Amino acid sequence: MDTFNAIPIFVAVADSAGFSSAARILGISKSAVSKRITQLELQLGARLFHRSTRNLSLTEAGEHYYQYASQANRAAKQAEDAVSELLGEPKGLLKVQVPMTIGQMHLASFIPEFIERYPSIKIDLLMDDGEVNLIEQGFDLAIRADDLADSSLIARQLVPLHSVVCVSPSFYQKHTEQLKSPSQLAELNCILYSYSPNADVWQFNDENGGEFKVKVAGNYRVNNSFALREAVIAGVGVARLPTFVAYSAIQKGKLIALFKDYAMPSKNLHAIYPERQYLPEKVRVFLDYMIEKLGHGTAYWDEF
């Protein structure tokens with residue numbers, strides 16, 4: 001039984017390639033992880049990991065043990081999921097990752113009501129623009145604004161993510177004649193989002209399906225959409241902003257949305273989670289809650 005109880009710890013260490021990272025995933029101390037691995041090696045009579053000051057890797061015995069231990073660990077989780085689905089009672093720890101800006105401006109505000117609705121669920125929310133490995137780091141679900149790359153994961157589309165070109169009222173008054181067509185943006189100071197792969201090339205599609213691109217430039221580049229919005233409100237220049245960032249400022253009259261007869265390329269917001277035979281009820285109700293709050297097909301932040 002001691003050996004069986006050590007399997008989730010062994011798998012976490014192997015998947016994350018470290019005692020510290022496994023401890024964070026499991027919510028226990030590093031010393032407790034190290035102790036259980038040492039005990040497991042003594043019980044099996046074999047060394048499972050090569051240890052050094054910088055690296056941790058499986059030994060030959062460890063690789064053989066991992067093949068079966070990982071299967072046993074997945075089977076145990078599936079057994080828990082099956083019981084949870086049968087009982088229909090959402091409970092347990094739910095680990096979720098969301099992008100930083102959309103998490104701060106929208107998703108985090110939903111969490112208190114969700115906890116009130118489902119008091120038996122504990123939320124561990126990570127707001128980070130980096131792409132975590134859901135399986136290795138023990139996450140149940142992630143909200144991402146990109147396409148699914150990992151075939152071992154399931155993606156559920158939530159809402160589209162649109163962009164809009166914005167300026168402040170003062171900037172608009174000063175440059176009205178230069179803001180009649182998207183092609184004139186090449187003449188103006190454009191603030192750029194540095195994480196975008198096409199930060200200085202803005203694409204527009206007209207109502208007839210025509211497509212054209214404008215090369216833009218400016219004196220300010222930043223890697224955060226909220227900071228980008230604040231610079232536009234201050235009158236620094238023109239920016240292409242996600243509507244989930246711009247909408248409230250547009251509604252309040254702090255920003256003016258330009259070129260409404262044109263569409264810009266869009267992405268989709270997805271909920272991504274590991275493929276399982278039984279989807280845990282805690283994940284299912286969180287997905288349904290996100291859809292309820294964000295909207296069905298069109299996000300509430302596109303209404304301006």
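Select Leu107 first: setting aside neighbours within four places in sequence, Leu107 is in contact with Val98, Ile102, Ile143, Met290 and Leu294 (contact means heavy atoms within 4.5 Å). This is a predicted model, in which local features need pLDDT of at least 70 and side-chain atom pairs count only at pLDDT 80 or more, while totals for chains, interfaces and linings use all residues. Residues are numbered from 1 along each chain as its sequence is written, and side-chain values use heavy atoms, with hydrogens and water left out.

**The core.** Now widen the selection. The largest nonpolar core has 31 residues, and those with the most contacts inside it include Leu107, Leu141, Phe286 and Trp301. A nonpolar core is a set of buried Ala, Val, Leu, Ile, Met, Phe, Trp, Tyr and Cys residues joined through side-chain atoms within 4.5 Å. Buried means under 20% relative accessible area, exposed over 50%, partly exposed in between (1.4 Å probe, protein chains only). Helix H10 (281–294) is among the elements that each supply at least two residues of this core. H10 gives the largest share, eight residues. Helices (H or I, at least four residues) and strands (E, at least two) are DSSP runs, numbered from the N terminus. Apart from this core lies another, of 19 residues, among them Ile9, Leu48, Tyr65 and Ala69.

**The five-stranded sheet.** Next, show E4-E3-E5-E14-E6, in that order: five strands in an open sheet with mixed pairing. Two strands pair if DSSP finds at least two bridges between them. Strand E4 (121–127) and E6 are at the edges with a single partner strand each, so one side of each has no neighbour in the sheet. Select E3 and E4: they pair in the parallel sense over seven bridges. Gln97 stands opposite Leu126 in E4.

**Strand E7.** Move to residues 163–167. Four of the five residues of E7 are buried, so this strand is largely enclosed by the rest of the structure. E7 runs antiparallel to strand E12 (residues 238–242), joined by four bridges. Here Ser163 stands opposite Pro242 in E12. Three bridges join E7 to strand E13 (residues 256–258), also antiparallel. Val167 stands opposite Ile256 in E13.

**H8 and H9.** Finish with a helix pair. Ser225, Phe226, Arg229 and Ile233 in H8 meet Val245, Ala246, Ser248 and Ala249 in H9. H8 passes H9 in a right-handed crossing (the near helix is turned clockwise from the far one by less than a right angle).
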